[in-house]
Amino acid sequence: MAISISIWSKQNQANRLFRNEGNATFTDQTAAPLNDVGVGRSAAWVDYDNDGDLDLYEAKESNQANKLFRNDGGGTFVDVTGSPVNLASTGEGVAWGDFDNDGDTDLYVTNNTGQPNKLFRNDGAGTFADASAAPVNDAGNGIGAAWGDYDNDGDLDLFITNDTGAGGDKLFRNDGGGAFTDVSTGLPTDSGNGRTVAWVDYDNDGDLDVYLTNNGASNKLFRNDGAGAFVDVTAAPLNFAGNSLGAAWADIDNDGDLDLYVASTSSTNRL
């Protein structure tokens, strides 16, 4: 299971790691190499080497090399960044998922300013291969990305959002064998500048719906009705337009329904 965080750091500021002490307090455990300085955009935890602890990948913009930090236990991390995951481009989003069902978690990175997105296949033993090919090598100013089995066929599909004037949202159906099909034409219209993608079964009907945050336009909720059909069911209060950058689902009141938190830059955050 991959756990994602969005960092959107200021330029040339050190990243931070805060350890949860379990008593509502956190301790700053930042140390080399996690105190990386640069223009970090997003980061995601995952146990990429299947050794039982969470490792960390960071995407960076401004043509700075992305980073892969291996967790060796005991609070020790090692920078094991190498080709091809040391991509130096305009990184924005990070999404881990085992798209080929081989037991190793693979890596997808979105890039902005017209640079193609990248899919890195995890071949085990700490090695990755660039498996980027049409249509997942989309070059439409990518921002957000999330893996999810929207058609319940047993493999992970991919949803991405694009920034200004870049062709809109994209849904790539995983057909197995490393092949994907662009099925975006079946999606409802979303005219915003895409940011976050958050898969969720909000209506508890057994298939994954999707919530999308936008910059400069209303956020969107698309209900999955099965057979590849999505319906725009966006309504107040989820349709607010607040230059939203992040969204996270959780059942905060333990009633069996997932609730939503949205972070925005120019308006109040919302629950």
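Residues are numbered from 1 along each chain as its sequence is written, and side-chain values use heavy atoms, with hydrogens and water left out. As the model is predicted, local features need pLDDT of at least 70 and side-chain atom pairs count only at pLDDT 80 or more, while totals for chains, interfaces and linings use all residues.

**Salt bridges**

Side chains of opposite charge can pair when their charged atoms come close. A salt bridge here is a side-chain nitrogen of Lys or Arg within 4 Å of a carboxyl oxygen of Asp or Glu. Searching the whole structure gives 14 salt bridges.

| Pair | Closest N and O atoms |
|---|---|
| D28 and R16 | 2.9 Å |
| D36 and K60 | 2.8 Å |
| K170 and D182 | 4.0 Å |

Strands are DSSP runs (E, at least two residues), numbered from the N terminus, as are helices (H or I, at least four).

D28 pairs with R16. This bridge links distant parts of the chain, twelve residues apart: D28 sits in strand β4 (residues 26-28), R16 in the loop between β2 (13-14) and β3 (18-20). D28 is partly exposed at 37% relative accessibility. R16 is exposed, at 54%.

D36 pairs with K60. The two are 24 residues apart, with D36 in the loop between β4 and β5 (37-38) and K60 in strand β7 (residues 55-60). D36 counts as buried, with 13% relative accessibility. K60 is also buried, at 4%.

K170 pairs with D182. Here two strands are joined across twelve residues: K170 belongs to β16 (residues 170-176), D182 to β17 (residues 179-182). K170 is buried, its relative accessible area being 17%. D182 is partly exposed at 35%.

Salt bridges also form a network, which links R41, E61 and E92.

**Nonpolar surface patch**

I252, Y261 and L271 make a nonpolar surface patch of about 350 Å². Patches take residues with over 30% relative accessible area and no salt bridge; nonpolar side chains (Val, Leu, Ile, Met, Phe, Trp, Tyr) are joined within 5 Å, like charges within 9 Å. Accessible areas come from the Shrake-Rupley method with a 1.4 Å probe, and for residues only the protein chains shown count as cover. L271 lies in the segment after β23 (259-264). L271 is exposed, with a relative accessible area of 69%.

Terms used: Buried < 20%, exposed > 50% of the residue type's maximum accessible area, 1.4 Å probe, protein only.
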